Amino acid sequence: ILIATLNSGMYAYNSATGKGTQVNGLEAGMYTALRTRGNAMLLGSQEGLSLYSIDNAGKTASLKVKVTELEFVKIQDIQSSLETNAYWIATEDQGIFRLALNGEKYAVTKAGVKFNLGNENVQAVYEAPNRQLWVSTLRNGVYRLDQPDGKGDFGMVTAFNKGNGLR
């Protein structure tokens with residue numbers, strides 16, 4: 001089990017021994033982490049988004065890719081997409097991004113721009129089994145994006161906020 005902390009890095013917990021060991025090689029200040037495939041994981045921090053690999057013992061991580069398009073953007077949440085090797089990235093004040101990974105190569109697309117979600121402070125994102133993207137924001141409620149094009153854009157948005165009964 002890997003445990004990410006805000007100020008003390010990441011720890012590999014061994015359930016057989018009941019002990020945790022700090023993982024070396026990671027940047028400090030992680031906000032979110034998601035295992036992708038094999039020993040690879042995406043880490044979000046105040047400094048942006050990075051792809052790391054971690055050894056089988058859980059002792060050392062190695063930086064594989066730094067997503068330069070999101071450098072110095074605070075990453076709030078990372079969630080898997082229903083599309084293989086695609087991920088939703090929630091940011092503070094930069095909205096939502098779709099990340100498509102192909103090994104150490106990637107493509108980043110900003111989502112929801114035509115619905116004025118490009119500068120939202122997004123706290124969490126979730127793609128439902130019916131491919132709707134649910135977006136929770138700090139100040140403006142929850143958005144449901146429908147009719148995905150498979151490339152990170154959507155045809156319709158519904159807002160749930162104080163104006164229509166969300167408390």
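**Legends to the close-up views**

Trp134 counts as partly exposed, with a relative accessibility of 28%; partly exposed is the range between buried (under 20% relative accessible area) and exposed (over 50%), found with a 1.4 Å probe and protein chains only. The model shown is predicted, so local features need pLDDT of at least 70 and side-chain atom pairs count only at pLDDT 80 or more, whereas totals for chains, interfaces and linings use all residues. Residues are numbered from 1 along each chain as its sequence is written, and side-chain values use heavy atoms, with hydrogens and water left out.

**View A. The whole chain holds 15 strands and 0 helices.** Helices (H or I, at least four residues) and strands (E, at least two) are DSSP runs, numbered from the N terminus. The C-alpha atoms fill a box of roughly 50 × 35 × 30 Å along the principal axes. The radius of gyration is 17 Å, close to the 15 Å of the globule rule for 167 residues, so the protein is as compact as a globular protein of that length. That radius is taken over C-alpha atoms, and the rule is 2.2 Å times the number of residues to the power 0.38. Buried residues make up 41% of the 167 residues. Of the contacts with a separation of 6 or more, 37% are between residues 24 or more positions apart, where contact means heavy atoms within 4.5 Å.

**View B. Three strands form an open antiparallel sheet in the order β1-β2-β3.** Two strands count as paired if DSSP finds at least two bridges between them. Strands β1 (2–4) and β3 (19–22) stand at the edges with a single partner strand each, so one side of each has no neighbour in the sheet. Neighbouring strands are turned by 30 degrees against each other on average, direction ignored; the axes are lines fitted to C-alpha atoms (for helices, over the stretch in contact), and angles run from 0 to 180 degrees between N-to-C directions. Strands of a sheet pair through backbone hydrogen bonds, either parallel or antiparallel.

**View C. The hairpin of β1 and β2 has 5 residues between its strands.** The two strands pair in the antiparallel sense over 3 bridges. Ile3 has Tyr11 in β2 as its bridge partner. Gly9 in this hairpin takes a positive phi near 80 degrees.

**View D. The hairpin of β2 and β3 has 4 residues between its strands.** Strand β2 (residues 10–14) pairs with β3 in the antiparallel sense over 4 bridges. Asn14 stands opposite Lys19 in β3, and Tyr11 has Gln22 in β3 as its bridge partner. In the turn, Gly18 has a positive phi of about 75 degrees.

**View E. Strand β10 pairs with β9 and with β11.** Strand β10 (residues 96–102) is mostly covered, with 5 of its 7 residues buried. Its antiparallel pairing with β9 (residues 86–91) runs over 5 bridges, and Tyr87 stands opposite Leu99 in β10. The hairpin of β9 and β10 has 4 residues between the strands, and Asp93 takes a positive phi near 70 degrees there. With β11 (residues 105–111), strand β10 pairs in the antiparallel sense over 7 bridges, and Arg98 stands opposite Thr109 in β11. The hairpin of β10 and β11 has 2 residues between the strands, and Gly103 in the turn has a positive phi of about 65 degrees.

**View F. The structure holds 2 aromatic pairs.** Rings of Phe, Tyr and Trp (its six-membered ring) pair if their centres lie within 6.5 Å; planes under 30 degrees apart are stacked, over 60 edge-to-face, and the rest tilted. Trp88 and Phe154 form a tilted pair, 5.9 Å centre to centre with 40 degrees between the planes. Trp88 lies in strand β9 and Phe154 in strand β15 (residues 154–160), so the pair ties together parts 66 residues apart in sequence. Both Trp88 and Phe154 are buried. The ring centres of Trp134 and Phe160 are 5.7 Å apart and their planes are at 20 degrees, so this pair is stacked. Trp134 in strand β13 (residues 133–137) and Phe160 in strand β15 are 26 residues apart, and the pair links distant parts of the chain. Phe160 is partly exposed, with a relative accessible area of 27%.

**View G. The charged end of Lys74 sits over the ring of Tyr31.** It is 4.4 Å from the ring centre. A charge sits over a ring if NZ of Lys or CZ of Arg is within 6 Å of the ring centre and within 35 degrees of the ring normal.
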